[in-house]
Amino acid sequence: MRKRAEFRRMVERLQSECRGQRFELSAAAAEDIVAELVNKTARSLGMREETVLSAHLGTVDVAALAADIVRADERQKREVRGASPAIISVEDTGRLVASLAQAVRCVSLNHARLTHGGRDKWDVIGVLDDASNSLTLVGEALEKHHAAPHVAVVLWSDESVVYARRALARTIEKLRAGDWSFGHGAKLDAGVTERMTADLKILSPD
């Protein structure tokens, strides 16, 4: 599907429209968005993807689709701008890193949901993106940790707080709903969920 001329033209149109709205959309992201649009349309209309490509892509309001993408990006940026850095001990930083690693592990065990499309796919990708971004930023922060007389602390940037909070909250939600699992029974899933919830409170104190 992705090699079809109609598909390639739609990808280029979407990228061009996003640029016109002052947002640079990567080719890979544009391809995923168009592929998801084709899949969703084919399912809802009960037709083959090839038919959607040849007969329906031309009717898509590309400007509106680009505007939705730009709005989603702006919402994410506002969330970061509204967040505050956090001063967290090295010990609690270690707990959070372990929880983020468990979130990534949970995604790897439920990777089949990537093929489902729709919300399932973007939930999986969202956790991977947020967890990896947070871990990268925390790794940089650990290189600059501050040693006080009685405790060593790490300054988590506003971005790292947002990414970590989002990745853990989404994983907790999926585990509680039974949508994701570590594959070793409900007791383990519940135990990991409880641990992640306690660690999330480090970033979202009551």
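These are my notebook entries on a predicted model, set down in the order I looked things up.

**Overall layout**

I started with the whole chain. The protein has 8 helices and 3 strands. Read from the N terminus, I get the order α-α-α-α-β-α-α-β-β-α-α. I then took the extents of the C-alpha trace. Along the principal axes they come to about 70 × 45 × 30 Å. Of the 206 residues, 35% are buried. Residues 24 or more positions apart account for 69% of them.

Is Gln15 buried or exposed? Its relative accessible area is 14%, under the 20% cut-off, so I list Gln15 as buried. I set aside residues up to four places away in sequence and listed what Gln15 touches. The list reads Leu25, Ser26, Ala27 and Ala30.

Cys18 is also in helix α1. Its relative accessible area is 0%, so Cys18 goes down as buried. Beyond its neighbours within four places, Cys18 is in contact with Phe23, Leu25, Ala66 and Ile69. Cys18 and Val70 are 52 residues apart in sequence, and their C-alpha atoms are 7.4 Å apart.

Next I went to the loop between α1 and α2, where I found Arg22. Arg22 is not a glycine, yet its phi is positive, at about 65 degrees. With 83% relative accessibility, Arg22 counts as exposed.

**Helix α2**

I tested the length of α2 first. At 1.5 Å a residue, its 19 residues should span 27 Å. The end C-alpha atoms of α2 are 27 Å apart, so the two values agree. The buried residues I noted in α2 are Ala30, Glu31, Val34, Ala35, Glu36, Val38 and Ala42. Two glutamates, Glu31 and Glu36, are on that list. Just after α2 I logged Gly46, with a positive phi of about 65 degrees.

**Helix α4**

Here I looked up Asp68, which lies in helix α4. Its relative accessible area is 41%, so Asp68 is partly exposed.

**Helix α5**

I repeated the length test on α5, residues 90–109.

Gln102 is another residue of helix α5. At 33% relative accessible area, Gln102 is partly exposed. Leaving out neighbours within four places, Gln102 is in contact with Phe182, Val192 and Met196. I looked at the Met196 pair in particular. Gln102 and Met196 are 94 residues apart in sequence, with 8.7 Å between their C-alpha atoms.

**The largest pocket**

The largest pocket has a volume of about 1100 Å³. It is lined by 26 residues, and the closest to its centre are Ile33, Ile69, Ala72, Gln76 and Trp122. Which elements give two or more residues to the lining? I wrote down α2 (27–45), α4 (62–81), α6 (118–142) and α7 (158–177). The most comes from α6, with 8 residues. The counts are 11 nonpolar, 4 polar and 11 charged residues.

Terms used: Residues numbered from 1 in each chain as written. Predicted model: local features only at pLDDT ≥ 70, side-chain atom pairs only at ≥ 80, totals over all residues. Heavy atoms only, no water. Helix = DSSP H or I, 4+ residues; strand = E, 2+ residues; numbered from the N terminus. Expected span 1.5 Å × (residues − 1). 1 Å grid on protein atoms, 1.4 Å probe; cavity = no way out; pocket = protein on both sides within 12 Å on 5 of 7 lines; lining within 4 Å. Points joined across faces, edges and corners; volume = space filled by probe spheres on them. Nonpolar A, V, L, I, M, F, W, Y, C, P; charged D, E, K, R; others polar. Buried < 20%, exposed > 50% of the residue type's maximum accessible area, 1.4 Å probe, protein only. Contact = heavy atoms within 4.5 Å.
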